[in-house]
Amino acid sequence: MLALEDVGRRFASGTEALRGVSLAIAAGDFIALLGPSGCGKSTLLRLLAGLDQPDHGRVSWPGAPAGPGEIGFVFQDPTLLPWASAADNVYLPLRLRGIGRAEARPRVNEALARVGLAGFEHARPAQLSGGMRMRVSIARALLTRPKLLLMDEPFAALDEFTRHRLQEDLLAWWQDAGCTIVFVTHSIYEAAFLARRVILMSARPGRIAGEIDADLPAGPARRLDPAYAALVAAITRRLEESHRAAGQA
Ligand code: ADP
């Protein structure tokens with residue numbers, strides 16, 4: 001669906017954020033980009049979204065490129081309008097396309113119900129917990145049925161219980177929506193739990209240090225599956241190897 005070929009990005013400040021990144025993303029993939037802070041994960045997401053251009057290499061959509069609204073973005077901060085209700089926050093992308101509130105209402109309510117927020121349509125962000133605010137943010141991103149959903153550490157600020165619930169629900173939403181997800185995280189556990197492919201990134205300039213196939217059976221039982229523990233160990237080992245190799249270079 002989408003390919004990065006030998007992509008490099010150096011900012012005007014001189015910081016080289018990415019070098020030689022090649023990655024093919026198939027429709028329906030769930031990819032975790034795992035790496036330390038500052039290794040260029042967010043820069044890579046912006047390139048995938050077309051919000052930034054590489055200085056080297058290219059980003060291409062071999063089939064039909066994503067049209068307007070077909071790329072969703074979810075950030076660590078839910079970025080909700082504080083004065084607007086949950087429903088109006090979810091409605092925003094349709095409003096920007098000129099769709100009337102009454103016409104949009106069934107879709108908005110359905111999106112909120114999908115993320116477990118039926119009955120909270122009129123609540124303002126300040127009346128919702130951190131996890132609920134993130135649910136609103138995800139409902140807003142899924143509303144336009146994106147082909148590609150880019151998620152930049154969306155659960156990093158949440159407590160562990162909330163994070164686990166959201167991770168479990170996200171797998172169900174991904175399967176329902178049939179979209180492709182690229183999920184940035186610096187949590188090995190989160191990458192192993194969620195993704196089908198874990199892409200390991202090395203420190204600046206960000207490069208792909210390896211890839212681990214992580215296609216475990218889905219569902220909350222995954223966390224207790226010995227195969228999950230083995231996967232966490234395998235990712236940890238690969239990261240340590242790549243740190244050692246970088247230290248010797
Ligand atoms: P990550 O998401 O992995 O934490 P980023 O992609 O945000 O990493 O940043 C990679 C590197 O590029 C960092 O050193 C960061 O300070 C730098 N950087 C990011 N955006 C810009 C920018 N617009 N101008 C200059 N440097 C930037």
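Which residue in β6 does Phe-73 stand opposite? I looked this up and found Leu-150.

**Entry 1: basis.** I note that this is a predicted model, in which local features need pLDDT of at least 70 and side-chain atom pairs count only at pLDDT 80 or more, while totals for chains, interfaces and linings use all residues. Residues are numbered from 1 along each chain as its sequence is written, and side-chain values use heavy atoms, with hydrogens and water left out. Helices (H or I, at least four residues) and strands (E, at least two) are DSSP runs, numbered from the N terminus. I treat two strands as paired if DSSP finds at least two bridges between them.

**Entry 2: the six-stranded sheet.** I followed the strand order and read β5-β6-β7-β3-β8-β9, an open sheet with mixed pairing. Its edge strands are β5 (71-74) and β9 (207-213), each of which pairs on one side only. From one strand to the next the twist averages 20°; axes are lines fitted to C-alpha atoms, for helices over the stretch in contact, and angles run from 0 to 180 degrees between N-to-C directions. Between β5 and β6 (residues 148-152) I found four bridges, and these two strands run parallel.

**Entry 3: helix α1.** I then turned to α1 (residues 41-49), which packs on this sheet. The helix touches β3 (30-34), β5, β6, β7 (180-185) and β8 (197-202), where contact means heavy atoms within 4.5 Å. The direction of α1 makes about 160° with that of β6.

**Entry 4: the ligand.** I listed 14 residues around the ligand, the closest being Gly-38, Gly-40, Lys-41, Ser-42 and Thr-43; a residue is near a molecule if one of its heavy atoms lies within 4 Å of it. α1 gives the most to this shell, with four residues. By class, I recorded four nonpolar, seven polar and three charged residues in the shell. Here Ala, Val, Leu, Ile, Met, Phe, Trp, Tyr, Cys and Pro count as nonpolar, Asp, Glu, Lys and Arg as charged, and the others, Gly among them, as polar.

Next I checked backbone atoms against oxygen atoms of the ligand. A backbone N or O atom of Cys-39 lies 3.1 Å from a ligand oxygen atom. For a polar backbone atom of Gly-40 the distance to a ligand oxygen atom is 3.0 Å, and for one of Lys-41 it is 2.9 Å. Of the 560 Å² of accessible area that the ligand has on its own, the protein covers 65%; such areas come from the Shrake-Rupley method with a 1.4 Å probe.

**Entry 5: the three-stranded sheet.** I found an open sheet of three strands in the order β2-β1-β4, with antiparallel pairing. β2 (16-25) and β4 (56-60) each have a single partner strand, so one side of each is left without a neighbour in the sheet. Neighbouring strands here are turned by 20° against each other on average, direction ignored. Four bridges join β1 (residues 2-10) to β4, and Gly-8 stands opposite His-56 in β4. Six bridges join β1 to β2, with Arg-10 opposite Glu-16 in β2. I also noted that β1 and β2 form a hairpin with five residues between them, and that Gly-14 in the turn has a positive phi of about 100°.

**Entry 6: Gly-28.** I located Gly-28 in the loop between β2 and β3. Its C-alpha atom is separated by 4.4 Å from that of Thr-180, although the two residues are 152 residues apart along the chain. Not counting residues up to four places away in sequence, Gly-28 touches Trp-174, Cys-179, Thr-180 and Arg-196.

Terms used:
A polar contact is a pair of N or O atoms within 3.5 Å; within protein, one must be able to donate a hydrogen and the other to accept it, and residues adjacent in sequence count only if both atoms are side-chain atoms.
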